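Student: I would like a close look at one part of this model, with the terms and cut-offs spelled out as you go.

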Amino acid sequence: MLFNNKKVDKLLTMYLPITFMLCFTIFPLYWTVNTAFKPEGDIIKRPLQYLPAHPTIDNFVNAWTNIGFATFFKNSAIVGVTAVIVVLVCSTLSGYALARYQFKGKRAFMLMLLCTQFIPRAMMIIPLFIIFKNLGLISSPLSLIITYSAVEIPFTTILMSGFIANVPKELEEAAMIDGCNKLQSLRHVVFPLLLPGIVATGVFTFIYTWNEFLIALMLTNKQDKFTLPVGLSSMMGEFNVNYGALAAGSVIALIPAILLFAYAQKHLVNGMGGAVKG
Amino acid sequence: MYKKKLTTTALALTVASSMFLTACGGSSTEEKASTEKKPAAKTDEPVTLTFWDENAGPARTPVWEEVIKRFEAKYPNITVEYVGIPNASAKSKYDAAIAAEDTPDVGSMQTTWLPEFSIRGALKPLDSYYKKSEVSKKLNEGAINVNKEITQDKKLYGIPYAQNLDALWIRSDWFEQAGVKEPKTWDDFFTDIEKLRDPAQNRYGFTIRGGAGASFTIQRAMFAYSGLDYFDKNGKTNINDPKHVEFVEKYFSYYDKWTPKSDITNGYKEMTAAFDTGVVAMVHHNPGSYGEHSKALPAGTYKMIPLPTTDKGQYVAEGGNAVNLGMFKSTKHPDEAWKFIEFVNSADAQSYWNEQTGQIPTNKDVLDDDWVQNAQHIKVAFEVYNNPKTKIYMPPFYLPDYRSILDTIVDPGVQSVMSGKMTAKEFLDQWAKAIEDSKAKYDKTFSKK
């Protein structure tokens, strides 16, 4: 009887689990924002304040101006945006080759691309450090852009080849019959249909570069070249944590990711659908 | 429509990428120039030193920046470039830098790292500089000797600028309210834990460190209990001595009964948060957490007391519990680098640095400073170090894998004992075996007899 009632049914099977999931995922975010707006004295005060009793933006001002988050943010943006461009260009072209052409060793090549993902990042640190030191690129954003692109391209190539395989070949052939050459058919027919895939790949790459800590820490020896995750970690000393600035810095770091997801959400869902159709 | 959009996007991407790449290109050239080997500077020529702080954070970074400012004012031709490394990743960062031979001029480092870094040939011996310097008359000789003893060639590779001492932070107001005496012996300590448990107020007597860094805490606690040396006369480690087994069994039996369930994942931050938010009455740490306690608790409600004594009434402290400045071999400016090390160890700089960070100075001239006399926790630390009966035991820092044994065998071992997957005896036997294997390897390599 109870489950015959559609509203109750919907409540139990949809709204309740969604609300539960939402609380679960939103709570850390809420607590970070809550902490970011509290003065230092109120942060660890008992009883806990679920809303800031004396709201302040001092933590943001301190993080942005005194601690150097403006610089960290700029560095992360340079590295993130450039890596996304490099990854998108390379993976779209190589993904196209994998999706459309048959060549000797194609399966082995795909396997090799997959195998690169099994190498633990920590194992690459010292060789990378030596290579970039010899190239004179330690503490340069280029070292991070190159590394992140190299790490991401194999995976995103496979991802893009899945998207491209879903675009009917006949469309390209029709465009070519209408007078397009290969590149024109790619540009005018394939790319517009690939937009969800490109957005999905771009977002994943950006989030990876935006959050990556270990490589950024190891390849950067200058304070003014630190990226956001490295800057955030310097808020935590062995015996002292600046919770206010840490929370404010985390909120600052979250903003681009949230905006990006909000903007790309539609494409992202479409894109993931495209990738799994196969 | 799509065509226009795509063309605009492509143009925007091209412009943006060329801008970014130009920006990066510029900085890479600049970097290359700065990393090229420069000839050693002559006196008064502008020199830039790179200094790595192994424990950067909100408490230490501003203090270092101030010390550097003072140093640069004294030596206008020397600029010090500060690089703050988060504590948790500092060792890996040094390891990568040493492997790639791209080390800073001067680095702050823990005593446990000195033997390994010196064996790897990364550090410059400082004996000759130290002998000629005025600071050699002022610094704590014990700490200097420890640094010499632990290295394979018995040379001085690090100058200790701050010491530490494990102790108990207690809520003195709770002790008073409950009519409980501060623990002097380990028996008092265990009894007090039970007396201070108050389920109605969700209060516990103590919090055990079960997460990151648990190895240091348990090692220092068990040696403070036993008063034994790290090795016996035959070179066998005392880690799994019956006294230690007895202590570890009792200590961890309090977990989840008299101490919080969450202790099994306790790192420093969780442990101090439990103390600072009024959940536990005692926490085993050192003077370094004073800053956190003073921010969270009203003055007079907490204090630092020494770790309980052995059954013979002896205080026990671990030797080499210090942070040091070392000079890397790759430096092109050793004289200027030494000037920086010497300056940091001067009475003024050490006094400022240690007062701000709540550590114990190694320069004897600082002892008379007002802040030392007025800081309860620093005075306690000095009393322990100055007590003639205090026993100093020396862990084998010289073993290259000493630290990794603590991190990979002892830390997880503590959790296994706490979760009941391993007995105290099994845990200590495993730890002792790892130390003995490592020592045998070390002795064989360096043909020690």
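How close do the axes of helix 10 (residues 242-253) of chain B and helix 18 (residues 424-445) of chain B come, and at what angle do they cross?

Tutor: This is a predicted model, in which local features need pLDDT of at least 70 and side-chain atom pairs count only at pLDDT 80 or more, while totals for chains, interfaces and linings use all residues. Residues are numbered from 1 along each chain as its sequence is written, and chains are lettered from A and ligands numbered from 1 in the order in which they are written.

The axes of helix 10 and helix 18 of chain B come within 9 Å and cross at roughly 125°; helices here are DSSP runs of H or I with at least four residues, and strands are runs of E with at least two, numbered from the N terminus. Axes are lines fitted to C-alpha atoms, for helices over the stretch in contact, and angles run from 0 to 180 degrees between N-to-C directions. Helix 10 of chain B and helix 18 of chain B are therefore oblique to each other, given that angles under 35 degrees count as roughly parallel, over 145 as roughly antiparallel, 65 to 115 as roughly perpendicular and the rest as oblique.

On the side of helix 10 of chain B, the contact is made by His244(B), Val245(B), Val248(B), Glu249(B) and Phe252(B), and on the side of helix 18 of chain B by Ala424(B), Lys425(B), Phe427(B) and Leu428(B); two residues are in contact if their C-beta atoms, placed from the backbone, lie within 7 Å. These residues divide into 6 nonpolar, 1 polar and 2 charged, where Ala, Val, Leu, Ile, Met, Phe, Trp, Tyr, Cys and Pro count as nonpolar, Asp, Glu, Lys and Arg as charged, and the others, Gly among them, as polar.

A second pair can be set beside this one. The axes of helix 2 (residues 61-74) and helix 14 (residues 347-357) of chain B come within 10 Å and cross at roughly 165°, which makes helix 2 of chain B roughly antiparallel to helix 14 of chain B. Helix 2 of chain B likewise passes helix 14 of chain B in a right-handed crossing. Here Val63(B), Val67(B) and Arg70(B) of helix 2 meet Ala349(B), Tyr352(B), Trp353(B), Gln356(B) and Thr357(B) of helix 14, a contact whose residues divide into 5 nonpolar, 2 polar and 1 charged.

Terms used: A crossing is left-handed if the near helix is turned anticlockwise from the far one by less than a right angle, and right-handed if clockwise.
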